[in-house]
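Here are my notes on the model you sent. Please read them with the structure open beside you.

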Amino acid sequence: MKVLFLPKYGPMAASSRYRMMQYFPYLKSHDIDCTVSSLFDDLYLEEKFTQGKTRPAAVLRAVSRRSAALLRARAYDLLVLQYEAVPYLPPLCEKYLAALGVPYVYDIDDAIFHNYDQSRYAAVRYFLGDKIRKFMAGAAGVMAGSEYLAAYAREVNPRVEVLPTVVDLTRYPPTPLPRPRKDEPLVIGWIGSPSTAVYLDDIAPALRALAAEGPVRLVLVGAGKPRTPGVPLQLLPWTESGEVDRLRRFDVGIMPLPDTPWARGKCGFKLIQYMACGLPVIASPVGENRLIVDHGVQGLWARTNEEWLLALRTLRDDAALRQSLGQAGRKRVEARYCMQVTAPRLLSALRAAHGTKEVRQPSRGRSEATHVSAP
């Protein structure tokens, strides 16, 4: 089966790497011929993150590249489209796909429909408010990264698979690095992009209060500009090759989120990354975060700055608790949130969308759907 994958961004974007590209070797080993054509390239994304703006020429190149890819759509048995064909344009490309008759799977890991149905501009709400909903309705299948997104999709399409954004455990060693001695600062870590780093502002008072009590260091990977004044800070650029090593040097991983419609659609991927490294986590109990982390089992929930400060103090003062939460988090990732578990599900979803009879998986033994932890 020949499948054309149409992500929004190139491999620099986590959504493209983790929801599509990391599966290609597995899919190819099961006779899926994978071709990828992103809308925007990595240069576009780099300029957006470093300069905070995009050049019109880059947008024109992206539209041209996407149009060329769609003109070749008939050469494939199945399409997998992430987000939308071209943002903020009328759904002409989507209508073209529907007219072609080539089945497509719609992949979504952000509540992008709220860019339209909750836009502050009346014209956007009127002309584009149901753009995503209509495209979902015509899909041969929808792969949603969170339950919030799946619930939206199920209103118009019964063929919805919750496929979380996950890690490949072969890249995440099961043994954590040695933790600091009592006289060393607690390392509180966060990974993300400049667009999501704004969520750290909400817990800045808690971080400052903790820093005033004793040695602590906040390490931000991929955040761009400095944030949280008054807190000892280390800013690290994101690199794919160094990502896991930097995560493993954290003592605690954090994921603050506001309780907004957009944030409820988040897939909690940074929590999964922390937990794969055996780290305890602190998370806002918003959206998918509540399903990934059980309070007091793999990490702690915190809503207000008072709760964040209490959670940070608790993990700072209790090394044994940090270790037990981290171990439980690793086990949860091995059971639910790794490619070793989700790859067979993705394969089945693609075959179902194409109409191919699914190959029956073994009912016992170490099948492809079973992950066995390294000793």
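Predicted model: local features only at pLDDT ≥ 70, side-chain atom pairs only at ≥ 80, totals over all residues.

1. The buried residues of α15 are covered by several elements, including the strands β7 (186-191), β10 (252-255), β11 (281-283) and β12 (299-301). Two helices, α10 (204-213) and α16 (319-336), are also among the covering elements.

2. Which residues of α15 are buried? They are Trp308, Leu309, Ala311, Leu312 and Leu315. Viewed down the axis of α15, these buried residues fall within an arc of 165 degrees, so they line one face of the helix. "Buried" here stands for under 20% relative accessible area.

3. The other side of α15 has exposed residues: Glu306, Leu310 and Asp317. Note that a leucine, Leu310, is in this exposed group, while Leu309 is listed as buried.

4. As for its dimensions, α15 covers residues 305-317, which makes 13 residues. From the first C-alpha to the last, α15 reaches 18 Å, close to the 18 Å expected at 1.5 Å a residue.

5. Turn next to the open sheet. It is formed by 6 strands in the order β2-β1-β3-β4-β5-β6, and the pairing is parallel. Which strands lie at the edges? They are β2 (33-36) and β6 (160-162), each of which pairs on one side only. From one strand to the next, the twist averages 20 degrees.

6. Strand β1 (residues 2-6) pairs with β2 in the parallel sense, over 4 bridges. Within the pair, Leu4 is opposite Thr35 of β2.

7. A helix also lies across part of the sheet. This is α9 (residues 147-154), and the strands it lies across are β4 (104-108), β5 (141-144) and β6. The direction of α9 is at about 175 degrees to that of β6.

8. Finally, consider the whole chain, which contains 17 helices and 12 strands. Its radius of gyration is 21 Å, close to the 21 Å given by the globule rule for 375 residues, so the chain is as compact as a globular protein of that length. The C-alpha trace spans about 65 × 55 × 35 Å along its principal axes.

9. Two percentages complete the picture. Of the 375 residues, 52% count as buried. Among contacts between residues at least 6 apart in sequence, 70% join residues at least 24 apart.

How values were computed: Residues numbered from 1 in each chain as written. Heavy atoms only, no water. Pairing = 2+ DSSP bridges. Axes fitted to C-alpha atoms, helices over the stretch in contact; angles between N-to-C directions. Contact = heavy atoms within 4.5 Å. Expected span 1.5 Å × (residues − 1). Buried < 20%, exposed > 50% of the residue type's maximum accessible area, 1.4 Å probe, protein only. Arc of directions from axis to C-beta. Rg over C-alpha atoms; globule rule 2.2 N^0.38 Å.
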